[in-house]
Amino acid sequence: MKTKQKNICWDLFITFLRIGGFTIGGGFVMLPLIQKEVVDNKKWISEDEIVDYFTVGQSLPGIIAINTCTMVGYKLKKVPGAVAATAGMITPSLIIITLIAAFLTHFQDIPLVQSAFNGIRAAVVATIAMAVVRMAKKSVVNRFGIFIAILSFTVVSFFDVSPIWVIIFSALVGILFTRRGGANK
Amino acid sequence: MIYLLLYLNFAKIGLFSFGGGYAMISFLQDTVLDYGWMTKEGFVDMIAISQMTPGPIATNMATYVGYQTGGIWGALVATIGVSTPSFIIVCFVAQFLLHFNEEPIVQSVFQGLRPAVTGLIAAAAYGIALVSIIRLEHYNKTNTLQDLIDFKGLLVAGVVMFCIYKFKKIHPIVYILAAGVFGMIFM
C-alpha cells in the first residue's frame, strides 16, 4: 500500500462514498462495485480475502451492505477506518433520500424514472451474476462447495427458506464435514 | 423524544434485518404503522423510492422514515440507528477473526459458509431477475409465452454480461448508467 496512513480514512470515506452512490437497485450491487474499487483499483484487499469479507457480511445480523463496508474499513484502519467506510456508504443515501422526501415525493411515479429503472434492474442482475461468478472461482472449489452452493441457491430461490437457516446449516456442515486444516472431499 | 425513539426503533430493525433489506420490510411496516409515523400508502411509496435510489434499501428506508418523522435530524438519527448493530457486531467479529483466523474450527466454518453465501447472492440476483426479466405474474394472467420474458431486459442483461466478460477494465457503474439511459429510451 502506497497510501499514507493518515490519508487512508479519507480515502476509505471517498471510495465508499462512490460505492454507496453507485449502489443502485439493491444492496447486493455493492459486491461488484467493491470488487472493482477495493480489489482491482485500490488493491487494498486481495481476491481471496474479499470473498471472506462478503461471506462474513452476509452471515452476520444487520444490514449486509453496512456489514461489508464496516468489515473492509475495520481491516484497513480498525474503528476509524470502519467509521470512515460506513459514513461514506450512507452519505449518498442520506443526501439523496432527504432531498427526494422533501421535494420529490412522487419520484417513483415519474414515467421516465420507471423506464430508467427497467433498464437498471436488468443491468444489476447481470453485474451481480458476474460478481458471483468471480467470487465462485475462490469460494466454490470442490464438489462439497458445489453441492452447498447449489443447495443454498435452490432452497432460498424456490422453497422460501430463510437465509438465516442456510447460514446456520452451512456453518455446521462445514464443521462436521470438513477435515481440520481445510482439506475435504 | 422523537429522536431517541427513532434511534432505538431503527437499531432494533437493523439488528433483525437478516438476509437483505427485504427482510426488514414487514418489521419496519409494523413499527411505522404502530407509531403512526406514516400511512400505508406513504409506506408503499417509500418502499418504491428506496429501491430506486442509490444506497442499500435498508438505509434508504431508514432515512426516508426518519425524515418524514423528524426532519433532517430524524433522517440522520434513524440512518445511524439502523447501521449501529451492524457496526458493533462486525467490529467485534472482525477483531475476533484477526486473532482466530487460523484456527481449524474457524476455517471449517468458512469452508461451509463460503459456497453457501455464494449461493445466497446468486439467489438474490435471481430474485431481481424475477421482477425484471422473468415476469411470472404477467404470464399467469395472459398465458402467452412472449409475456413470460421481458426480451429487452434479457437483451440488456445479456449484453452487460458479455461486456463484463470481455472488457474487464470497465467499471460496473458504466453499465448501470448505460442501461438506465437505454431504459429511458426503449423501455
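User: What does the side chain of Asn67(A) reach at 3.3 Å, and why is that called a polar contact?

Analyst: In this predicted model, the side chain of Asn67(A) reaches the backbone oxygen of Leu60(A) at 3.3 Å. The cut-off for a pair of N or O atoms is within 3.5 Å, so 3.3 Å qualifies.

User: Why is Asn67(A) called buried?

Analyst: Its relative accessible area is 0%. Buried means under 20%, so Asn67(A) qualifies.

User: Where does Asn67(A) lie, and which residues does Asn67(A) touch?

Analyst: Asn67(A) lies in helix H4 of chain A, residues 64-103. Not counting residues up to four places away in sequence, Asn67(A) touches Gly57(A), Leu60(A), Pro61(A) and Gly62(A), along with Ser86(B) and Val90(B).

User: What makes Asp52(A) and Arg114(B) a salt bridge?

Analyst: Their side chains meet at 2.5 Å, N to O. The limit is 4 Å from an Arg side-chain nitrogen to an Asp carboxyl oxygen, so the pair counts. Across the interface of chain B and chain A, the rule finds one salt bridge. It also finds 13 residue pairs in polar contact there, both residues at pLDDT 80 or more.

User: What is the class make-up of the side of chain B that touches chain A?

Analyst: That side has 55 nonpolar, 25 polar and four charged residues.

User: How many residues are in contact, and what area is buried between the chains?

Analyst: 84 residues of chain B are in contact with 98 residues of chain A. The buried area is about 8100 Å², and carbon and sulfur atoms give 79% of it.

Technical notes: Residues are numbered from 1 along each chain as its sequence is written. Chains are lettered from A and ligands numbered from 1 in the order in which they are written. This is a predicted model: local features need pLDDT of at least 70, side-chain atom pairs count only at pLDDT 80 or more; totals for chains, interfaces and linings use all residues. Side-chain values use heavy atoms; hydrogens and water are left out. Contact means heavy atoms within 4.5 Å. Buried area is the accessible area (1.4 Å probe) that two parts lose on being put together, summed over both. A polar contact is a pair of N or O atoms within 3.5 Å; within protein, one must be able to donate a hydrogen and the other to accept it, and residues adjacent in sequence count only if both atoms are side-chain atoms. Ala, Val, Leu, Ile, Met, Phe, Trp, Tyr, Cys and Pro count as nonpolar, Asp, Glu, Lys and Arg as charged, and the others, Gly among them, as polar. Helices (H or I, at least four residues) and strands (E, at least two) are DSSP runs, numbered from the N terminus. Buried means under 20% relative accessible area, exposed over 50%, partly exposed in between (1.4 Å probe, protein chains only).
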